[in-house]
Amino acid sequence: MVLDGELAGFAATRGNELLHFGTAVSTWGSGLAGIAHDDVLQHLRMQGHHSAWLRVFDENRRAIRFYERRGWRVTDSTSLTSFPPYPVLRRYERDLADVAA
């Protein structure tokens, strides 16, 4: 995503997984992340997916709050990263039925 000629956000998906998502720190609190998030979900739905999933570091409280406010639900599924200190990644899932196509 480009804003005022500057890269302001990015997203990467694989199948129905949201692999990477972020916005520039200077845009935090502006609403840009929510708009970009909704665009990504719409993209996944238009590809024919009925649900989506992602993984979030257990210690990333800001990201957890962001996703939970947008309807993502935590699961019991966890994994460890491959790099020290091996933080825990937790799986979140979201139904895409309420996303406009």
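Leaving out residues up to four places away in sequence, Leu41 touches Trp72, Arg94, Leu96 and Val99, where contact means heavy atoms within 4.5 Å. Before going on, a word on the source: this is a predicted model, in which local features need pLDDT of at least 70 and side-chain atom pairs count only at pLDDT 80 or more, while totals for chains, interfaces and linings use all residues. Residues are numbered from 1 along each chain as its sequence is written, and side-chain values use heavy atoms, with hydrogens and water left out.

Back to Leu41. The residue sits in helix H1, residues 32-46. Helices here are DSSP runs of H or I with at least four residues, strands are runs of E with at least two, and both are numbered from the N terminus. Leu41 is buried, at a relative accessible area of 2%. For that term, buried is under 20% relative accessible area, exposed is over 50%, and partly exposed lies in between, with a 1.4 Å probe and protein chains only. Between Leu41 and Ala52 there are 7.9 Å in space, C-alpha to C-alpha, and the two are 11 residues apart in sequence.

Now the strands. Two strands pair if DSSP finds at least two bridges between them. Strand S3, residues 9-14, and strand S4, residues 17-23, are antiparallel and pair over 6 bridges. Within that pair, Ala11 has Phe21 in S4 as its bridge partner. S3 and S4 make a hairpin with 2 residues between them, and Gly15 in the turn has a positive phi of about 60°.

Strand S7 has two pairings to mention. Strand S5, residues 51-57, runs antiparallel to S7 and is joined to S7 by 7 bridges. In this pairing Arg55 is opposite Arg91 in S7. S6 is also antiparallel to S7, with 5 bridges joining them, and here Arg73 is opposite Glu93 in S7.

What lies in the loop between S6 and S7? Thr81 does, with S6 covering 73-80 and S7 covering 88-95. Thr81 counts as buried because its relative accessibility is 9%. Its side chain reaches the backbone oxygen of Phe83 at 3.3 Å. That is a polar contact, a pair of N or O atoms within 3.5 Å; within protein, one must be able to donate a hydrogen and the other to accept it, and residues adjacent in sequence count only if both atoms are side-chain atoms. Apart from neighbours within four places in sequence, Thr81 is in contact with Phe57, Tyr86, Pro87 and Leu89.

Last, the charged pairs. How many salt bridges are there? The count is 4, taking a salt bridge as a side-chain nitrogen of Lys or Arg within 4 Å of a carboxyl oxygen of Asp or Glu. One of them joins Glu17 and Arg14, with the closest N and O atoms 3.1 Å apart. Glu17 is buried at 5%, whereas Arg14 is exposed at 54%.

Another is between the side chains of Glu93 and Arg91, at 2.8 Å from N to O. Glu93 is partly exposed, with a relative accessible area of 35%, and Arg91, at 23%, counts as partly exposed.

Arg94 counts as buried because its relative accessibility is 12%, while Asp98 is exposed at 60%.
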